[in-house]
Structure formats: structure tokens, C-alpha cells
Amino acid sequence: MSSINRVTLMGRLGADPEIRRMNSGDPIVNLRVATSEVWRDKQTGEKKERSEWHQVVIFNKRICEVAKQYLKKGNLVYLEGMLCTRKWEDQAGQPRYSTEVVLKEFNGELKLLPQGSGRQAATGPDDYGSQGGGSASTGSTRQERGNQETQSFASRDLDDEIPF
């Protein structure tokens, strides 16, 4: 039986991307992404919020270039990757573990979302252009793209006669 290791996050960058290079020269980008949960306290009616921080590591060259060029602290991003836990030793020689969201060469995706509030600006991840392949996106919504396609189709010259 196979299994699935897939993580989907939509949150804000807590810092500018950290870009490093491996010995081979390939780029690695580290991101800190905050996701928030908002609720109203039943007892007091007070609005509460809790943020969770996620470490993200990008190994995909194209996504690294897009991250380097376009991402800044505070950007709203949508990303898909997989969870990876790595073991390392601290300065005292004690084993430590870090769990990260990893975007590898063929199974990662990154989308830069409009900068309005997430609830007002985004109705879902598919409403915005993908940055996953490394190409820049205009960020147009699905409705805008549909209107453009309709206008394009309507402007075509339809001289064909209908056979019935």
C-alpha cells in the first residue's frame, strides 16, 4: 500500500527568503511562513488569534529563482510540498530534530497571492496564477481570465455558415 506525504500552506512570510548555495552551486531557499487561526472566545466574546510558524526549504531551481526575485517579508503565499524530519546535533552533541516543509524538484508548488487580506483577496488557491514552474504570474483571477477568453472568442471573425 502506498502513502501520501503532502502539505498545503497559505500564510505570510515572516522574513525575506534566505538564499544559500550547495557545493554543486544549486540554490536552496529557506522561508519562515506563519499561518494563523482566529476565533472568538465563548466566555468573553473576545477575538483571539494563534500563529503557527513553519520552516520551508526549497530545492527546486525554478521556484528558488522566483522566490529570490519576488518574495519579501509579509507576502501572502500558497505552497505545497512534503514534510521531512532531519536529525542533527547541537553544539553540546545532543541529537535534535527539525521538521520542515520541503519543495523538491518535481513535487513542489509556490504561488504568490495578492497582498490584500487573505480572506478578502483569496477564495482559493486556484484563483491565482502559479509560480511553481518558476514563471512570473500576473495574479489575475479565474473570472478575469474567463472574461479575457470570452472577449477573445467574441472578437474572432465567425464567417462559417451553420450547416442546418
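## Buried charges and the nonpolar core

Biologist: Start with E80: buried or exposed?
Modeller: E80 counts as buried, at 13% relative accessibility, because the cut-off for buried is under 20%. Bear in mind that this is a predicted model.

Biologist: What does E80 form a salt bridge with?
Modeller: R6, with the closest N and O atoms 2.7 Å apart. The two sit in distant parts of the chain, R6 in the segment before β1 and E80 in strand β5, 74 residues apart.

Biologist: How many salt bridges does the structure hold?
Modeller: Seven. One of them is R50 with E37, where the closest N and O atoms are 2.7 Å apart. That pair links strand β4, which holds R50, to E37 in strand β3, 13 residues away. R50 has a relative accessible area of 48% and E37 has 38%, so both count as partly exposed.

Biologist: And K111, what does it pair with?
Modeller: E109, at 3.2 Å between the closest N and O atoms. Both K111 and E109 are buried.

Biologist: Switching to the largest nonpolar core. Which residues touch the most other members?
Modeller: L31, V56, I58, L79, L103 and L110, out of 17 residues. At least two core residues come from each of β1, β3, β4, α1, β5 and β6.

Biologist: What is V56 in contact with, beyond its sequence neighbours?
Modeller: V29, N30, L31, V33, L79, V101 and L103, leaving aside neighbours within four places.

Biologist: Where is L9?
Modeller: In strand β1, and buried at 11% relative accessible area. Among the residues L9 touches are T35, H54 and L79.

Note on methods
Residues numbered from 1 in each chain as written. Predicted model: local features only at pLDDT ≥ 70, side-chain atom pairs only at ≥ 80, totals over all residues. Heavy atoms only, no water. Core = buried A, V, L, I, M, F, W, Y, C linked by side-chain atoms within 4.5 Å. Buried < 20%, exposed > 50% of the residue type's maximum accessible area, 1.4 Å probe, protein only. Helix = DSSP H or I, 4+ residues; strand = E, 2+ residues; numbered from the N terminus. Contact = heavy atoms within 4.5 Å. Salt bridge = Lys/Arg side-chain N within 4 Å of Asp/Glu carboxyl O.
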